[in-house]
2 protein chains.
Amino acid sequence: MPRKPEILKLTPTTESRLFQVEAMDLRFSNGAERRFERLVTRGHGAVMVVALDDADNLQLIREYAAGLDRYVLTLPKGLIDAGETPLEAANRELQEEIGFGARTLEPLRQLCSAPNYMGHTIDVILARDLYPSRLEGDEPEPLELVTWPLARIDELAMNEEFSEGRAIAALYLARQRLASR
Amino acid sequence: MPRKPEILKLTPTTESRLFQVEAMDLRFSNGAERRFERLVTRGHGAVMVVALDDADNLQLIREYAAGLDRYVLTLPKGLIDAGETPLEAANRELQEEIGFGARTLEPLRQLCSAPNYMGHTIDVILARDLYPSRLEGDEPEPLELVTWPLARIDELAMNEEFSEGRAIAALYLARQRLASR
C-alpha cells in the first residue's frame with residue numbers, strides 16, 4: 001500500500017445550501033504537489049434499500065431525478081436522520097416511499113459514489129418480510145411503485161430507465177447474498 | 001409515466017474551479033413547488049473500463065481518492081477529452097493508467113452516479129486483446145496495477161477496498177455480456 005499524500009492545507013472555497021466545496025493541497029509521497037477540489041461530506045450518510053416481497057419481487061420506485069431532469073427507475077433511498085441507525089433509516093424510507101415496512105433488515109455493504117471528488121457513502125440494506133405501513137415523507141408528489149422479479153435482474157441492469165450505478169451494484173449484492181444461503 | 005415537473009427558473013448559485021451549483025425552481029404536475037439544488041454537468045462525460053487480459057484477469061488500479069482521503073481499488077477511468085469518442089477515451093486512459101492498449105473495445109452501458117443532484121454520467125467500456133503501450137498521463141504518482149480473476153468478482157464486490165458502486169455494477173455488466181456469448 002503506498003504512503004498516503006500529506007494534506008498540506010484544506011481551504012473552504014464555495015458553499016451553497018446543499019454543496020460545500022473545499023480545495024485540498026496535497027503532497028504525494030514522491031514529492032509531487034497538487035491542488036484537488038472535493039465536495040465536503042456532511043450529514044449522517046444515506047441508505048439504499050433492496051426490498052423483496054414474499055414472491056421475490058423487487059420493490060422499485062419511479063421518481064423525478066433533478067440531476068438528469070427526467071423520471072428514473074431506482075431503489076428506495078434517502079438520507080439517514082440524526083440519531084437513526086442505517087437499518088432504522090431504511091425501514092422509515094420504505095414506509096415513506098413504497099408504503100411498506102420490513103420485519104427483516106440486514107446490511108449488505110457500504111458503497112461510495114465518486115470517491116475522487118466526494119466522500120459520500122450509501123449503506124445498502126436488504127429488506128424482507130414486508131408489511132403494509134405508510135409514513136408521511138417529504139416527497140413533492142407520490143412515487144410510483146414498480147415491482148420487478150428478482151430472477152430478471154440481468155434485464156433490469158440493462159434497462160435504460162434504471163441507470164444508477166449504485167442501484168445496479170445493490171441488485172447483484174442482494175442476489176449474491178441470497179444465493180449464498 | 002408521470003408528467004415532468006416544469007422548470008420555473010434555474011439560478012446559478014456558486015462556482016468553484018470544478019463545481020458549479022444551480023438552484024432549480026420546479027412545479028410538479030400536482031402543483032407542488034420546490035426549490036432543488038444540483039451540480040451543473042460540464043465537460044464531455046467520462047469512461048470506466050473493464051479491461052480483461054487473455055487469461056480473463058481484470059486489470060484494476062489502486063489510486064488515491066481525495067473524496068475519501070484513502071487509497072482505493074477501482075477500475076481505470078477518466079474524463080473524455082473534447083473531440084474524443086468514449087472508446088477512444090477508454091483506450092487512452094488504459095494506456096495512461098495501466099500501460100496497455102486494447103485491440104477490442106465495446107460499450108456496455110452508460111451509468112449515472114447520484115441522479116437526484118447531479119447529471120454526471122460514465123460510459124462503461126469492455127476492453128480486451130490488450131497489448132503493452134504506455135502514454136504519459138497527468139497522474140501525480142504512478143498507479144499500482146492489480147490483477148484479479150474475472151471468475152472471482154463476487155469476492156471483489158464485497159472487498160472493503162473496492163467500494164465504488166459504479167465499478168461493482170461494471171463488473172457484473174461485463175460478466176453478463178461475456179456469458180451471453
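Predicted model: local features only at pLDDT ≥ 70, side-chain atom pairs only at ≥ 80, totals over all residues.
**Entry 1: the A–B interface**

I started with who touches whom: 74 residues of chain A are in contact with 75 residues of chain B. The size of an interface is often quoted as the accessible area lost when the parts come together, so I looked that up next. About 6,300 Å² is buried between chain A and chain B, and carbon and sulfur atoms give 60% of that area.

Then I went for the polar side. I found 42 residue pairs in polar contact between the two chains, counting pairs with both residues at pLDDT 80 or more. The salt bridge count between chain A and chain B is 2. I checked the one between the side chains of Asp69(A) and Lys4(B), at 3.0 Å from N to O.

Which element of chain A gives the largest share of the side that touches chain B? I got H3(A), with 8 residues. By class, I have 35 nonpolar, 15 polar and 24 charged residues on that side of chain A.

**Entry 2: a sheet in chain B**

Next I traced an open sheet of 4 strands in chain B, in the order E7-E4-E9-E8 with mixed pairing. Strands E7 (77-79) and E8 (100-112) stand at its edges with a single partner strand each, so one side of each has no neighbour in the sheet. On average, neighbouring strands are turned by 25° against each other, direction ignored.

I zoomed in on E4 (46-51) and E9 (121-132) of chain B, which pair in the parallel sense over 6 bridges. There I saw Val49(B) opposite Ile125(B) in E9(B).

Last, I looked at helix H1 (86-97) of chain B: this helix lies across E4, E7, E8 and E9 of chain B, and runs at about 120° to E8(B).

How values were computed
Residues numbered from 1 in each chain as written. Chains lettered and ligands numbered in written order. Heavy atoms only, no water. Contact = heavy atoms within 4.5 Å. Buried area = accessible area lost by both parts, 1.4 Å probe. Salt bridge = Lys/Arg side-chain N within 4 Å of Asp/Glu carboxyl O. Polar contact = N/O pair within 3.5 Å; in protein donor to acceptor, adjacent residues only side chain to side chain. Helix = DSSP H or I, 4+ residues; strand = E, 2+ residues; numbered from the N terminus. Nonpolar A, V, L, I, M, F, W, Y, C, P; charged D, E, K, R; others polar. Pairing = 2+ DSSP bridges. Axes fitted to C-alpha atoms, helices over the stretch in contact; angles between N-to-C directions.
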